[in-house]
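Hi,

Here is the structure I promised to pass on.

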Amino acid sequence: MEALTEEECLKLKSFKVGVIGCGGLGGYIIEMLSRIGVGYIAAVDGDVFQRSNLNRQILSSSLSIGKNKAREAKDRMMYVNPDVKVEAFEEMLNENNAERILKGLDLAVDALDNIDSRLLLQSKAKEYNIPIIHGSIGGWYGQVTTILPGDNTLKFIYREGTKSGIEKKLGNPSFIPPLIASIQVSEAIKLLLNKGDILRKKILFVDILNNDFNIIEV
């Protein structure tokens, strides 16, 4: 059985996906979505590359230090798959630009690194009826869940009093971002093509140090 049929591959060209955050997770997500042939990708990030990003962010290099992450994503994908339109939004998602960036997308992928921005994304995605694929990493650990409009799964994960900054405290070895990003992209493709089982109202927790992959229901 084919992983994806020719018809499904052609169908992917019609979808519009936003990747919110173009760093450790986001760079790999954009790379994979482009290589599989999603037709339009909104790359959203107002940050620039620093030397500390070189260990884990595929879009970073010694030549990209100081350059905007979303712009670098667009430039790289022109060489990876020029048939994919990547639009660079060189800004952080906020209340003022959310409609301009998100409205009209078929799906948004959460590759952010702070809780406030994630909760904003969930709120705005609900308003514009857009599903979200959430991913988060820290140290040897990661998590993925698929959120349909109205599910509010992030409110369950990040309960009141939850602190951000886990990624900065634990750091991220080079193999964690592509692992979690791969699962996020597979969830995105399954959702877009209505194929297989998705992690809706379920959270996949990954502990690669101990080779534990656990799913809990929300």
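Let's start with Arg118, which you will find in helix H5. Keep in mind that this is a predicted model. Is Arg118 buried or exposed? With a relative accessible area of 5%, Arg118 is buried, because the cut-off for that is under 20%.

What does the side chain of Arg118 pair up with? One partner is Asp110: the two side chains make a polar contact at 3.0 Å. Another is Gly135, whose backbone oxygen sits 3.3 Å from a polar atom of the Arg118 side chain. If you skip residues up to four places away in sequence, Arg118 touches Asp110, Leu112, Asp113, His134, Gly135, Ser136, Leu154 and Tyr158.

The structure holds 1 cavity of 30 Å³ or more, and the volume of the largest cavity is about 40 Å³. Helix H5 (residues 115-127) gives the largest share of its lining, 3 residues. The residues lining the largest cavity are Gln122, Ala125, Lys126, Ile130, Ile132, Ile147, Leu148, Pro149, Gly150, Asp151 and Asn152. At 5% relative accessibility, Lys69 counts as buried. Which residues is Lys69 in contact with, leaving aside its neighbours within four places in sequence? They are Cys22, Gly23, Asp45, Asp47, Val48, Phe49, Asn53, Gln57 and Leu59.

Last, a look at the backbone. Most residues other than glycine have a negative phi. Asn194 has a positive one, near 55 degrees. Asn194 sits in the loop between helix H8 (176-193) and strand S7 (202-207). Lys201 is not a glycine either, and its phi is positive at about 55 degrees. Lys201 also lies in the loop between H8 and S7. How accessible are they? Asn194 is exposed, with a relative accessible area of 74%, while Lys201 counts as partly exposed at 41%.

Cheers

How values were computed: Residues are numbered from 1 along each chain as its sequence is written. This is a predicted model: local features need pLDDT of at least 70, side-chain atom pairs count only at pLDDT 80 or more; totals for chains, interfaces and linings use all residues. Side-chain values use heavy atoms; hydrogens and water are left out. Buried means under 20% relative accessible area, exposed over 50%, partly exposed in between (1.4 Å probe, protein chains only). Contact means heavy atoms within 4.5 Å. On a 1 Å grid over the protein atoms alone, a cavity is a set of points where a 1.4 Å probe fits but cannot get out, and a pocket is an open set with protein on both sides within 12 Å along at least five of seven lines; lining residues have an atom within 4 Å of a point. Grid points are joined across faces, edges and corners, and a volume is the space filled by probe spheres set on the points. Helices (H or I, at least four residues) and strands (E, at least two) are DSSP runs, numbered from the N terminus. A polar contact is a pair of N or O atoms within 3.5 Å; within protein, one must be able to donate a hydrogen and the other to accept it, and residues adjacent in sequence count only if both atoms are side-chain atoms.
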